[in-house]
Amino acid sequence: MEVYAFLLGTVLLSAVYGDNHVDLHNKGLRTVPTNISSTTESLDLSWNLLETITNGSFRILSRLISLSLNHNKLVRLEPSAFEGLSQLRFLDLSNNRFVLVYESYPPTVFHPTQKLEILNMDENSPGYSSRAYQFPDEIFSSLISLKKLTVDEPLHNVSFGPGVMSMSQLKSLSVYCWEFGSSLRPDTFAAFANLSIESLVLRCQSLEEGTLKHFPHVTSLNLRTKSLPNALSALVDLRHRHMTYLTITNTNSDKGFSRDPETLALTANNTAHLATICVRHLDLSKNAIIHLGIDVFSRFQYPECLETFNFGNNYLPVATSYLAAIGAIRFTRLKYLNISPGRRYAFTVREVSDLVWTKSSVFQYNLVVPPSLVVLNASFLAGFITIDKDVNFTNGKNVEVLDVSYDGFKGCSFVVTGLENLKVLNISKWNCAVLSPRFFSYFTSLQVLVARNCRLNTGFRYDLDAVIFKSLKHLKTLDLSSNDFTTLSRFIFSPLQSLETLILSNNKLIHIPESIYDLVSLTFLDLSSNVISSLSRAQMDWLTADNSSHSKDAVRVSLNRNPLLCTCNTVSFVRWLLDGSANVEARLTLTCSLGNGTFVDIGSLTSKLKNMEVSCVSNFWLTFSTVGSSLMAVVIVLGIFAYRYRWNIKYWVLTKCRRGSVVEEVTNEQYRYDAFVAYNYFSYRWACIVLRQFLEDENNYTICLHDRDFPVGVSIQQNIVDAVNNSRKVILVINKSFLKSDWCEFEIQMTGMRMVRDGYENAIIVILMEEIPVSEMPRSLLNLWNHITFLLWPANDPGDERIFWNRLLEVMAR
């Protein structure tokens with residue numbers, strides 16, 4: 001064992017916290033280590049594998065004050081197990097395998113601990129039920145300084161012996177006996193009759209009447225039995241007592257309790273003893289009560305004693321006229337009232353009258369509360385009720401805390417009055433999609449407002465002038481989580497000059513709303529569980545720890561559970577989180593995405609930030625060069641395309657931009673000219689004299705000649721487009737010099753596109769003034785070869801001129 005303890009030396013030393021406390025819980029220890037410092041004052045050996053505490057295990061720990069041995073496998077203490085612990089004040093032996101017999105606890109085992117004040121021996125396994133054992137009465141006689149004892153019931157219903165009378169300082173006693181069939185009898189605690197027990201906790205299957213008669217000084221009683229009537233009947237010995245605390249909770253816990261409805265009811269009969277006790281703090285919660293008698297509280301003989309009443313987490317609709325009315329009339333000193341059935345037992349109230357309020361007028365509901373009431377928990381009371389009138393709390397001037405969350409009210413279009421001193425309000429889960437801007441008008445003293453999941457993203461739209469919080473000058477904490485906010489109106493928080501904590505978690509915000517900048521007293525902002533990927537430079541400056549321009553203290557912010565990005569686009573945000581100036585909670589443990597599907601803690605990027613920045617710069621120039629090259633390639637391709645189709649583009653632009661009259665003429669197929677004649681300088685005389693005389697003077701055709709008919713002040717390109725569009729035919733007078741000009745190409749392109757547009761074939765007449773090989777003709781002319789009429793001017797054979805003119809008249813025919 002010594003070798004084993006020595007091998008654990010490193011573990012032990014690492015477990016020491018400070019000079020006085022040693023924490024060795026859950027270390028897998030099977031023996032008490034021997035190398036614990038002698039200066040240790042507190043030792044935790046819980047949750048290990050200890051089975052026996054041997055003699056002298058703590059001999060050198062003379063300064064030890066607190067010792068925890070709970071949750072081990074202890075079955076036995078050797079007689080000198082606690083030798084040397086003369087200063088021990090606290091000892092926890094709970095949740096082991098002890099049995100309350102001398103075999104587990106030798107008579108002298110506690111002799112060294114004369115100063116022990118708190119001893120916990122409960123939750124141990126009986127394990128010896130087949131044989132009778134002597135009750136270890138003598139072990140208690142050593143505990144002369146004990147003030148608090150927690151212990152299991154003696155085996156086989158054995159009563160406590162006279163040894164307990166040596167514990168003259170004992171003030172608190174807790175006894176647990178939850179084994180099947182166990183019961184506390186009238187003689188179980190007879191030995192305690194002369195002790196001044198003030199606090200008593202009894203948790204047993206059942207208590208017989210007379211069990212409590214041996215505790216005349218008890219002022220605090222906590223009972224838990226199998227059924228509520230059994231616990232209430234045991235109060236017979238406390239009739240007309242003055243009690244500070246009386247707690248009867250978690251009864252009716254047996255799975256078969258529902259078979260006996262009488263155990264689930266609170267009636268005048270089973271509360272007959274309770275009604276005679278003057279109790280200040282009464283707790284009847286978690287008893288599965290399904291019925292409340294109409295006259296239960298009217299029979300209380302000392303209603304003026306009650307200060308707090310916890311009736312929550314039961315199964316019945318406790319917000320009945322019986323409870324509230326009696327509370328208002330008779331419980332004149334009641335300060336705390338809990339009538340909430342709790343989340344598990346929430347029910348639906350079918351009528352507004354069930355909520356104990358009366359209609360004081362056609363415009364208002366009147367809710368009566370006890371005149372001294374300070375705290376009211378009425379959550380989970382109602383369901384799917386629309387309040388269509390204002391609500392007034394009678395006697396509500398002292399109410400400071402009101403919890404009406406999860407009451408399922410539909411709409412917040414009314415006004416609440418009578419709670420002028422209210423400091424804390426919880427309306428979570430109300431449906432405030434319809435919200436009156438005056439809803440909070442009379443809560444002028446409010447300091448904490450909790451409005452989670454109230455559909456305020458819709459309700460705030462009714463607050464067109466941002467006055468919903470106008471009266472809340474003293475508000476310090478505001479919880480608006482789970483309201484589906486994507487944004488907030490700019491000045492909605494302007495009146496909240498005292499607000500210190502703002503909770504906007506679980507919404508859909510993508511950045512910090514600008515309206516928050518108006519909160520000059522803000523110290524904490526919760527933006528967890530939104531959709532924020534990073535912060536802007538202005539937002540980071542606002543949250544920087546040494547920047548106090550917005551308030552007297554820097555604002556702490558929570559960004560937990562947001563889809564943060566750690567990419568090249570957010571590298572400044574990452575640097576801000578890592579450099580220590582960020583006032584972000586748990587900033588180094590925030591999780592972010594690297595953009596490639598990988599998620600990391602931001603703290604892990606500390607040593608990689610420089611490489612990340614270099615990589616981002618390299619990626620920038622790589623991207624820049626790639627994009628630049630791509631753009632240059634696109635520009636080149638577009639340039640080639642534009643050059644190749646330059647005439648098509650010009651035609652499209654000029655056609656779209658031409659004058660309205662021209663558009664109208666083309667649209668109506670009314671041509672101004674029979675032909676537009678295109679020619680160059682070398683064909684001027686023939687075109688303007690010979691051709692013109694033949695067509696116009698001799699045959700009554702109208703032709704367009706650019707030297708004569710093009711209007712001044714219009715570009716040549718525009719004139720050509722207009723002439724082509726306003727002419728039935730286009731006559732190209734071609735010689736070799738004309739084919740080399742850009743205007744030839746342009747005029748051919750314009751004519752070809754007009755022909756395609758209007759579906760008008762054979763619109764082009766080409767007159768060759770000289771023989772030109774096909775190979776020398778432009779590609780644009782060859783593309784239209786099947787739709788062109790070619791005529792050769794017989795310059796050297798005047799006899800063939802008549803054939804030429806006749807052929808021209810044929811193709812010019814209208």
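1. A residue is called partly exposed when its relative accessible area falls between the two limits of under 20% for buried and over 50% for exposed. By that criterion Arg 556, with a relative accessible area of 34%, is partly exposed. The note below concerns a predicted model, and the terms buried and partly exposed are used throughout in this sense.

2. Overall composition. The protein chain contains 18 helices and 43 strands. Of its 814 residues, 51% count as buried. The accessible surface comes to about 38,400 Å², and carbon and sulfur atoms hold 53% of that area. Among contacts between residues at least 6 apart in sequence, 68% join residues at least 24 apart.

3. The salt bridge of Arg 556. The side chain of Arg 556 meets that of Glu 585 in a salt bridge, at 2.5 Å from N to O. Arg 556 belongs to strand 35 (residues 556-558), whereas Glu 585 sits in the loop between helix 8 and strand 37; the pair thus links distant parts of the chain, 29 residues apart. Glu 585 is partly exposed, with a relative accessible area of 31%, and Arg 556 is likewise partly exposed at 34%. In total, 21 salt bridges are counted.

4. The main nonpolar core. The largest nonpolar core has 167 residues, and those with the most contacts inside it are Phe 58, Leu 69, Phe 82, Phe 469, Phe 493 and Leu 525. Helix 8 (residues 571-578) gives the most to this core, with six residues. A second, separate core of 26 residues includes Ala 678, Cys 704, Phe 710 and Ile 764.

5. The surroundings of Leu 525. Leaving aside residues up to four places away in sequence, Leu 525 touches Leu 502, Leu 504, Ile 512, Ile 516, Trp 542, Val 555, Arg 556, Val 557 and Ser 558. Arg 556 is therefore a contact of Leu 525 as well as the salt-bridge partner of Glu 585, and the residue remains partly exposed at 34% relative accessible area.

6. Aromatic pairs. There are 37 aromatic pairs. One of them joins Phe 414 and Phe 439 edge-to-face, with 5.5 Å centre to centre and 75° between the planes. Phe 414 lies in the loop between strand 27 (409-412) and strand 28 (416-417), and Phe 439 in the loop between strand 30 (431-435) and strand 31 (448-450), so the pair ties together parts that are 25 residues apart in sequence. Phe 414 is buried at 2% relative accessible area, and Phe 439 is buried at 2% as well.

7. The aromatic cluster. The rings of Phe 439 and Phe 440 also form a pair: their centres are 4.9 Å apart and their planes stand at 85°, so this pair is edge-to-face, the angle being over 60 degrees. Phe 440 is buried, at 5% relative accessibility. Ring pairs link Phe 414, Trp 430, Phe 439, Phe 440, Phe 443, Phe 460, Phe 469, Phe 485 and Phe 493 into a cluster.

8. Three strands form an open sheet of mixed pairing, in the order 36-37-38. Strand 36 (564-565) and strand 38 (599-601) are the edge strands, each pairing on one side only. Strand 36 pairs with strand 37 (residues 591-593) in the parallel sense over two bridges, and Leu 564 has Cys 592 as its bridge partner in strand 37.

9. Strand 41 and its neighbours. In strand 41 (residues 727-734), eight of eight residues are buried. This strand pairs in the parallel sense with strand 39 (residues 673-678) over five bridges, and with strand 42 (residues 764-768) over five bridges, again parallel. Ile 731 of strand 41 is the bridge partner of Val 677, and Ile 765 in strand 42 is the bridge partner of Ile 731.

10. A salt-bridge network. Arg 692, Glu 696, Asp 697, Arg 708 and Asp 709 are linked in a network of salt bridges. Arg 692 and Glu 696 both lie in helix 12 (residues 684-698), four residues apart, about one turn of the helix; their closest N and O atoms are 4.0 Å apart. Arg 692 is partly exposed at 21% relative accessibility, whereas Glu 696 is buried at 17%. Arg 708 and Asp 709 meet at 3.1 Å, N to O; Arg 708 is partly exposed at 42% and Asp 709 is partly exposed at 23%.

Conventions: Residues are numbered from 1 along each chain as its sequence is written. This is a predicted model: local features need pLDDT of at least 70, side-chain atom pairs count only at pLDDT 80 or more; totals for chains, interfaces and linings use all residues. Side-chain values use heavy atoms; hydrogens and water are left out. Rings of Phe, Tyr and Trp (its six-membered ring) pair if their centres lie within 6.5 Å; planes under 30 degrees apart count as stacked, over 60 as edge-to-face and the rest as tilted. Buried means under 20% relative accessible area, exposed over 50%, partly exposed in between (1.4 Å probe, protein chains only). A nonpolar core is a set of buried Ala, Val, Leu, Ile, Met, Phe, Trp, Tyr and Cys residues joined through side-chain atoms within 4.5 Å. Contact means heavy atoms within 4.5 Å. Two strands pair if DSSP finds at least two bridges between them. Accessible areas come from the Shrake-Rupley method with a 1.4 Å probe; for residues, only the protein chains shown count as cover.
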